[in-house]
Amino acid sequence: MEKTLKKTAVLLILTAALMLTGCNGSVRKYSFEGSNPEDSEIYVSPVAGLTDDFFRGVDISSYLSQIESGVEYRDFEGNQLDESGFFKLLAECGVNAVRVRIWNDPKDKDGNSYGGGHNDMDTAVAIGKLATEAGLQVLADFHCSDFWADPSKQKSPKEWAHYTFDNKNSALSEFLKTSMDRFYSEGVNVTMVQVGNEINNGFAGETVRERINSLLVTGTNAVREAAKSNGKSVSVALHYTNPESSNLLDYARDLKKAGVEYDVFAVSYYPFWHGTTERLTEQLKNIAENYGKKVMVAETSYLYTPDDGDGQGNSVSSDTAGVVLDYDISVQGQANEVRAVINAVKNVGDAGIGVFYWEPAWIPVRVYNPDSPNAADVLEQNKVSWETFGSGWASSYSKTYDPNDAGKYYGGSSWDNQALFDFEGRPLESLKIFRYVFSGTAKELEIVKVDNIRYESGIGAAVQMPSTVPALMNSGDTKDIAVIWNSEQVNKAESAGAGTYEIAGTADDGGVKYELVCILEIKKINYIKNYGFEDADMSMWEINGNGVGKEADNNKRSGEYSLKFWDNVPVSFTAEQKIIGLPAGRYELGAYLQGGSAGSNPIFELYITVNGERFAAQSGVTSWQNWDNPVVDGIDVPEGAEVTVGVKVEAAAEAWGAWDDFYLYEAE
Ligand code: CA
C-alpha cells in the first residue's frame, strides 16, 4: 500500500513539473542585496555585507512524506499551496537552497519504509526537481547509511554490511557516481554534496579514523568524477557536529593528513546544545584560516513554542533539562536565532558561505491537543500516517535495521515546535528571515517582556532590592529599566529572616508598566571564609599534611574549585580555619565530602573547637560525586571565644576525593 501510494505521488509531481517547464520555461531569479527595510511584525536588523550568493538553505527532507500524509501548507494570505507553490514561497522568503538527505535503502525486506521522510534517491530526486524548478540550488546530503546517521550511529547500508573494506570502497564510489549521474540526468541543480552526515564518530559503518578517511577519499573523489563527467561543477562538503568542542580542529587536521580533498567544512549548530555564536565563529574561523576551507552551518533551528503539535514529544521544549534557551521562545526569538547564526558565519569572513535551517516544514499531520476529547483518535490517525507514509521520525519497520533506538521509540515529529510553519501549515513571519537579513525590517525596537527575577541577600542587614531589572527587547538584547518593589513585602521578609520570599514589583519604561515577581532569598551568614575555595587568597586556611590542595576539576560540588586530595602514599592531612569575632550564640557546622578508594577504617572528620573543647562529626566516601554532608550542630559559642573549624583525613594510598562548601551558620 505504501509503495503504490508513493509511486502515484511521484508521478503527479513529474506531471506538474513538466507542465510548469512547458508553460514557463524560465525560472525567476531573486535578488535581495541592497533592498529596503520591510514592514513586519518582527524586528530584524540587516546582516552587514551579506551577498546574494550566501547560502540561505532549508532542509525539507520530510516534505513529500508530509504531503502524502495529507499535510497542507499555506501562503501568508492563507491560500493552500500546491508543490510548486510551496517551493516558490520558500524562494520569495529569501531561501536560495534546499538540502535533502539521502539514505541508500530505507526500507525492510518487504518494502516497508523506515520512515523519517523515506528519503531514498527517488524522494531526493523528486524534492530536488521541485527545488530546481523554483530556482533553488540543491545540497545532496548522502548519509551513506540506510537510516539516520549522527554521532551516535553510522551504520553501514545493509547491502554493504558484509563487504570487505575494499569492496565497501568500490560500492561507495559506485553508489555516489550512480546517484550523481541520476541527479544530473533528471536536471536537478545539485551544487553541493555532503559525503556523510555528522561524521564525528564514524562513517558508513566504520569507526576507525584511518578507515573513515580512506572512505572519505573514495567518496569525495567519486562525487568530483561524476560532476566532471557530466560537465558540472560541485562543492564537496564534510559535515560534523558539536562545533563548540575542543577537538573540532582535529578532524580538519586528520583530513589534511589523509589527503581528503573537500571544499566545505560544515557543522551542525543548535544553540541549545552547542555553545555561543562567538565560539562558533572562532572555531569556523580557525578551520578556514588554518586549512583553507570554506565553512558553513549545515543545520540549525530554534523553537517558537514550547508546545507539542502531533502527540510525539519534542526534542527541545521550555522544560527540557540541560539545554540553553538563550533566545525567546517565540517567532521573534526564532528569527533572532537565525539572524545570529547567519551573522556568526558571515563574521568568519569570505570563507563563511551559508546557513541551512533543519526541517522547517516538519509539522503535525493532524494537530494533536491532549486536552481535546478526540485526542486519542487524532493520535491513532497520526500513528497510521507515520507508519504508512513515513512522516514520523521512524516507523516500527525500522526495527530490523535499528532495533535499539528507532525500532523501540519510533513515532512522529519531535521537531514540530521548531518549524517555520505553525501546526496548521501557515508560514510564520520567521520564514522571511532569509530575506530580512538583507533589508532588515521597519519594526521599531521595543520591549517584548520583563521576566521574573531571583535575588539573594544576606541576613541581618537591610535588604537592598535591585533598582533596575533587565527587559527583553525584540532585538534579543536586554536593557535595564527602573523597578519599584512592594515595600511591605520587603519589610516582612526582612523581619522574618532567612528564607525564600516572593516580592511583587512594577517596572517602568517611559510610563509603560510591567508587573513582575522577584524570588528573594535571604541567606544565612556563613562565617567560614572562602568556604568553597573559589577565592585565590587561601591564607585563611591552614593546611598540614600530604596529597591535598585546592583544585579546579570535576571533583568540585559547586563553583570551579574544591579542596581535593589524592596521593600514591597514605593520605594524611588537616585543613583548619580560625573564625575571628564570631558573635555569641548557638551554631551549626557542615561541609560536603565525596571520593573513593579510602582503604579500611579511614578517618574523615569534620570538627570545631570552642575555647579548646572539640566537637566532631564523622563522614566517609563511597563514589565520585556522591556527596556526604556531615553536620555538627548545637554548638554553643560564648562571647569572645576562640573558635577553629576544620577537617582531618587519614586514608590509604590512592585515596581520592574532595571537600567543598563548608558552612558555619547561626542556628535557627
Ligand atoms: Ca511533536
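Start by selecting helices α7 and α8: Leu 248, Leu 249, Ala 252, Arg 253 and Lys 256 in α7 meet Gln 283, Asn 286, Ile 287, Asn 290 and Tyr 291 in α8. Contact here means heavy atoms within 4.5 Å. Helices (H or I, at least four residues) and strands (E, at least two) are DSSP runs, numbered from the N terminus. By class, this contact has 5 nonpolar, 3 polar and 2 charged residues. In that count Ala, Val, Leu, Ile, Met, Phe, Trp, Tyr, Cys and Pro are nonpolar, Asp, Glu, Lys and Arg are charged, and the others, Gly among them, are polar.

A word on what is on your screen. This is a predicted model, in which local features need pLDDT of at least 70 and side-chain atom pairs count only at pLDDT 80 or more, while totals for chains, interfaces and linings use all residues. Residues are numbered from 1 along each chain as its sequence is written, and side-chain values use heavy atoms, with hydrogens and water left out.

**Stop 1: the α7 and α8 pair**

Keep α7 (residues 248-258) and α8 (residues 277-291) selected; their axes come within 10 Å and cross at roughly 20 degrees. That angle makes α7 roughly parallel to α8. Axes are lines fitted to C-alpha atoms, for helices over the stretch in contact, and angles run from 0 to 180 degrees between N-to-C directions. Angles under 35 degrees count as roughly parallel, over 145 as roughly antiparallel, 65 to 115 as roughly perpendicular and the rest as oblique. α7 passes α8 in a right-handed crossing. A crossing is right-handed if the near helix is turned clockwise from the far one by less than a right angle, and left-handed if anticlockwise.

**Stop 2: from α7 to α6**

The residues that touch are Arg 209, Asn 213, Leu 216 and Val 217 of α6, and Tyr 251, Asp 254, Leu 255 and Ala 258 of α7. They divide into 5 nonpolar, 1 polar and 2 charged.

**Stop 3: from α6 to α5**

Next, bring in α5 (residues 165-185), which packs against α6 (residues 209-229) at about 30 degrees, with axes 9 Å apart. α5 and α6 are therefore roughly parallel to each other, and α5 passes α6 in a right-handed crossing. To see the contact, select residues including Phe 165, Leu 172, Leu 176 and Tyr 184 on α5, and on α6 residues including Leu 215, Ala 222, Val 223 and Ala 226.

**Stop 4: Ala 471**

Is Ala 471 buried or exposed? Ala 471 is buried, with a relative accessible area of 0%. Buried means under 20% relative accessible area, exposed over 50%, and partly exposed in between (1.4 Å probe, protein chains only). Leaving aside neighbours within four places in sequence, Ala 471 is in contact with Ile 447, Lys 449, Val 450, Asp 477, Thr 478, Lys 479 and Ile 481.

**Stop 5: the two ends of α13**

Select α13 (residues 487-496). At its start, a side-chain oxygen of Asn 486 reaches to within 3.1 Å of the backbone nitrogen of Glu 488. Just after α13, Gly 497 takes a positive phi of about 85 degrees.

**Stop 6: Asn 530**

Asn 530 sits in the loop between β14 (512-523) and β15 (542-545), and is buried with a relative accessible area of 7%. Which backbone nitrogen does the side chain of Asn 530 reach at 2.9 Å? That of Asp 535. The backbone nitrogen of Glu 534 is reached by the Asn 530 side chain at 3.0 Å.

**Stop 7: Gln 594**

Gln 594 belongs to strand β19 (residues 585-596) and is buried, with a relative accessible area of 0%. Its side chain joins that of Asn 555 in a polar contact of 2.8 Å. A polar contact is a pair of N or O atoms within 3.5 Å; within protein, one must be able to donate a hydrogen and the other to accept it, and residues adjacent in sequence count only if both atoms are side-chain atoms. A polar atom of the Gln 594 side chain also lies 2.7 Å from the backbone nitrogen of Gln 625.

**Last stop: zoom out**

Show the whole protein: 13 helices and 24 strands. Buried residues make up 53% of its 668 residues.
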